[in-house]
Each structure stands twice: as C-alpha cells, then as structure tokens.
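Work through the exercises below with the sequence and the model open. Try each task before reading its solution.

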Amino acid sequence: MKRVLLLGAGHAQLAVLAALARQRMPGAEVLLISASDRQLYSGMVPGLIAGRYSPAQCSIEVAPLAAAAGARFLRGQAVAVDAAEHFVTLADGQRIDYDVLSLNTGPVQDRERIPGAHANGLFVRPIEAFVQLWPRARAPCADDLIDVVVVGSGAAGVEIALAVHQAIGERCTLTLVSDGPVLAGYGDGVRRRALAALRRRRVQLLPGRCTAIEPGHVLLGTLRVACDVPIVASGSDAPAWLADSGLALDAAGFVRVGATLQSASHPAVFAAGDLIVRDDQPHPRSGVYAVRAGPVLAENLRRFVGGGALVPYLPQRHSLNLLALGDGRAIASWNGWSFQGRLMGWWKDRIDRAFIGRYRPRQGPAPGRSRTA
Ligand SMILES: Cc1cc2nc3c(=O)[nH]c(=O)nc-3n(C[C@H](O)[C@H](O)[C@H](O)COP(=O)(O)OP(=O)(O)OC[C@H]3O[C@@H](n4cnc5c(N)ncnc54)[C@H](O)[C@@H]3O)c2cc1C
C-alpha cells in the first residue's frame, strides 16, 4: 500500500475527497491532515462579517468528507516537509511518512512584516482565527463609537471594509489603507464601482504604507491614525515552513509546479491552490483556480499511484469575479466587463451556497466545479 498524504483541506483537496468518495484509489492508504475540522469558505466570509450568514452556513465539515472518501483524518498543523526523506512534521512533533504528498494548505500572511501587527493586528488569515476573533474585536462597538482600519486594498480588504460597515454602520469610522491602487489588477470599471461604494459608506481612503500597528493606533510613517480594530488584509505569502523542504520554490517561497501539478523538483509531491506558482502558465491566486485544479489533482494522484500518463491542468484565461458590497449587492467582472447590483449579489449567493452544498454530508459530496466560473 502506498500512503497518499493529503495536506490541507483546501479547495482542490475537497475535490480529491469527493472523487475518492465516488471511486476509491486502489493500492493507496489515504490520510488527510488539516489544521481545522472545518473549511471556512472564504468567498462567504465577507457575508459572514456583514451578518448575512452564520458560520455554519459558510463551513464545510472535513471529517465526514474524509470518511466518505475512505480516508483517515487527522487534525494537525504541518510545520515542516522533508521532500528528500518523504515525511512531514506536525506542530506536536509527530513525523508522518508518505509515498505521495499532495499540498493544498493555502497561503499565509507574514505576521512580522508590519512591526507590531503580530501583537496588535487582526489578520484575515487564517480565516478560521479571523472569524473567531472578529466578534470579540467588534464587541466594544455595542456601546461606543469605534475606529476600524483595514490595511490592504485588494479584493479581500475592500470586501471586508464594506462588510464591517454593513455590520456596524455609523457607529464606526472606517479607514482603508492602501499602498497602491485600490483593487490593483482589476479593470477600471470594477475599480470605479468599488470606489463609489466605499465613498457612499464614507470609508476614508488613506494612501500610504502601514509602517507599524500599536495599541490604539495604525502608523503610516509619521501619521498616526486612531484605531481600535486594525484588520490586516494585506496580501498573501508562502508559508515559511516550506523554505527548508527541499522543494523547488520561487523567489517568494511558493511551490513551483508544472502542468500536471507535480513539484518541479520532486515528482511524488503534488500541489494546488494559492500555494503554487506555475512555471509554464502563471495565473492569479484565487479560489477559482484552486477549485478548477481539484479534478485534475484527483485524477493525477490516482494515475501516479496506479500507473498511467498524467493529465495537464489548463487554467482558464479569464475568470468571473464577484465582489460582495456587503449589502447584498455585488460587482461582477469578466474579461474587462463589469456589472453591479442586487442581481449580481443574488448570483454570487447562489454560486457560493451551491459550492458549500456540494460538500454537505446530507447530500453526499460531488465534484466541485467552480467557485464562480
Ligand atoms: C476575506 C477573503 C475573501 C475572499 N474571497 C474570495 C472570493 O470571493 N473568490 C475567490 O476566488 N477567492 C477569494 N479569496 C481568496 C481565496 O480565499 C484563496 O484564493 C483560496 O482560499 C485559496 O485556496 P486554497 O485551496 O489554496 O487554500 P485555503 O482555502 O486557504 O485552504 C487551506 C487549507 O489548509 C489548511 N491548512 C493551512 N495551513 C496548514 C498547515 N500548516 N497544516 C495543515 N493544514 C493547513 C487550512 O485549515 C485549510 O483547510 C478570498 C480571501 C479572503 C481572505
């Protein structure tokens, strides 16, 4: 028996579990290790913050999926990989050997990049921790006015700022700190619409780089901005625990993979989702691509164990993006086009609920297709 170790219950690995539930992998003992018992679906997290969803509505329980797939589930946090010796080390010191490793642990946020952020900031990742800490962070607002500063103006930062406004309304002052253009990488139409939405909610845009977070203040150089809740939504980084793995990594530490999702250096290691960088076909890091890679990952793990030529994952050239505006509306964008309104919000809600629904134990898992399109 070969041990196939699925590390991280990310989007692609959910599809692997679904595929295994339909058809087992002969000759393999499958072990899933993930940091949490549930996978919180990030696309619904702004809606959760806005008060539109409960945590249960945004969660996929991992253990029942593993059971249906015939896989053993171990809750654990990987802290090291040794690709030469084929083992993973967990935070509790356990050494887990593997024959085939499939990595889908997602990105992290470098907690040391902004001085003081580690101690004083509320990071959006890990999403599980963010969702648990948010109710406590906003608690003072029940009586008083609070100042909330969101650091980072990518899609997550903008969605979270609008969601916070929806949740707290005029009882908070909201500032979005941006060290570049808001929603960099998005088309002009989306940016215009999003900026208008931020203006309508009186979210103050503060251009500049956050240089430190102190209790009560966010600093941009010499500028001190009063802040009770500093939310750090600034980008995503590669996990530091991969640095000494021996795996081929790019300069930023992401796992270099080829078209078959195999590591560029170690063919027995596969990886998918935000953790990877494709040498041949670079694509953005987003849940859409992680979901799309899932069926190919499942197929290639099966073929690698059982024999047969591996198949390539061809990332789509354009993807549909749906940006939640907090109030039930959304901005949809596709290949330079953008649309906005309640209908887009309804559409996003339907897609998100359908994705979660696929992995509800009652209905039995089915292959995830796409978060959006
Ligand atoms: C607030 C927010 C909103 C977003 N909205 C969208 C959206 O609407 N559409 C979109 O396409 N993208 C969205 N994104 C981006 C999206 O979240 C990522 O692109 C996506 O999560 C990447 O998926 P993944 O499968 O690589 O990893 P993840 O979804 O991060 O899953 C990683 C899994 O691995 C586990 N894990 C992590 N570290 C370890 C470890 N060391 N050991 C073991 N297990 C581990 C985690 O518990 C988790 O189960 C959003 C991000 C944020 C922060």
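**Exercise 1. Salt bridges**

A search of the whole structure finds 15 salt bridges, a salt bridge being a side-chain nitrogen of Lys or Arg within 4 Å of a carboxyl oxygen of Asp or Glu. The model is predicted: local features need pLDDT of at least 70 and side-chain atom pairs count only at pLDDT 80 or more, while totals for chains, interfaces and linings use all residues. Residues are numbered from 1 along each chain as its sequence is written, and side-chain values use heavy atoms, with hydrogens and water left out.

Task: Which residue forms a salt bridge with Asp-327, and where in the chain are the two?

Solution.
- Step 1. The partner is Arg-201, and the closest N and O atoms are 3.1 Å apart.
- Step 2. Asp-327 sits in the loop between strands S21 (321-324) and S22 (330-334). Arg-201 sits in the loop between helix H7 (188-200) and strand S13 (204-207). The pair, 126 residues apart, therefore links distant parts of the chain; helices (H or I, at least four residues) and strands (E, at least two) are DSSP runs, numbered from the N terminus.
- Step 3. Both Asp-327 and Arg-201 are buried. Buried means under 20% relative accessible area, exposed over 50%, and partly exposed in between (1.4 Å probe, protein chains only).

Task: Are Asp-279 and Arg-256 buried or partly exposed?

Solution.
- Step 1. Their side chains meet in a salt bridge, 2.9 Å from N to O.
- Step 2. Asp-279 is in the loop between strand S20 (276-278) and H8, Arg-256 is in strand S18 (residues 255-257), and 23 residues separate them.
- Step 3. Asp-279 has a relative accessible area of 44%, so Asp-279 is partly exposed. Arg-256 counts as partly exposed because its relative accessibility is 29%.

Task: How many residues apart are Asp-352 and Lys-348 in helix H9?

Solution.
- Step 1. The side chains of Asp-352 and Lys-348 form a salt bridge at 3.0 Å, N to O.
- Step 2. The two are four residues apart in H9 (residues 342-358), so about one helical turn separates them.
- Step 3. Asp-352 and Lys-348 are both buried.
- Step 4. Elsewhere, salt bridges that share partners join Asp-110, Arg-113 and Asp-237 into one network.

**Exercise 2. Strand S17**

Task: Which way do the residues of strand S17 point, and which strands are joined to S17 by bridges?

Solution.
- Step 1. In a regular strand the side chains alternate between the two faces of the sheet.
- Step 2. In S17 (residues 229-232), Val-229 and Ile-231 point one way, Pro-230 and Val-232 point the other way, and all are buried.
- Step 3. Strand S10 (residues 122-123) runs parallel to S17 and is joined to it by two bridges; two strands pair if DSSP finds at least two bridges between them. Leu-122 has Ile-231 as its bridge partner in S17.
- Step 4. Strand S11 (residues 146-151) also runs parallel to S17, with four bridges joining them. Here Val-149 stands opposite Pro-230.

**Exercise 3. The ligand**

Task: How many residues surround the ligand, and which helix gives the most to the shell?

Solution.
- Step 1. There are 29 residues around the ligand, each with a heavy atom within 4 Å of it. The closest are His-11, Gln-39, Ser-42, Ala-78 and Asp-274.
- Step 2. By class, the shell has eight nonpolar, 16 polar and five charged residues.
- Step 3. An oxygen atom of the ligand is 2.6 Å from a side-chain N or O atom of Ser-42. For Asn-104, an oxygen atom of the ligand is 3.0 Å from a side-chain N or O atom.
- Step 4. Helix H6 (155-168) and helix H8 (287-306) are the elements that give two or more residues to the shell. H8 gives the most, with three residues.

**Exercise 4. Backbone exceptions**

Task: Where is the cis peptide bond that involves Pro-126, and which loop holds Pro-126?

Solution.
- Step 1. Most residues other than glycine have a negative phi, and most peptide bonds are trans.
- Step 2. The cis bond joins Arg-125 and Pro-126, with omega about -5°.
- Step 3. Pro-126 lies in the loop between S10 and helix H5 (127-138).

Task: Is Leu-183 buried or exposed?

Solution.
- Step 1. Leu-183 is not a glycine, yet has a positive phi of about 55°.
- Step 2. Leu-183 lies in the loop between strand S12 (172-178) and H7.
- Step 3. Leu-183 counts as buried because its relative accessibility is 0%.

Terms used
A polar contact is a pair of N or O atoms within 3.5 Å; within protein, one must be able to donate a hydrogen and the other to accept it, and residues adjacent in sequence count only if both atoms are side-chain atoms. Ala, Val, Leu, Ile, Met, Phe, Trp, Tyr, Cys and Pro count as nonpolar, Asp, Glu, Lys and Arg as charged, and the others, Gly among them, as polar.
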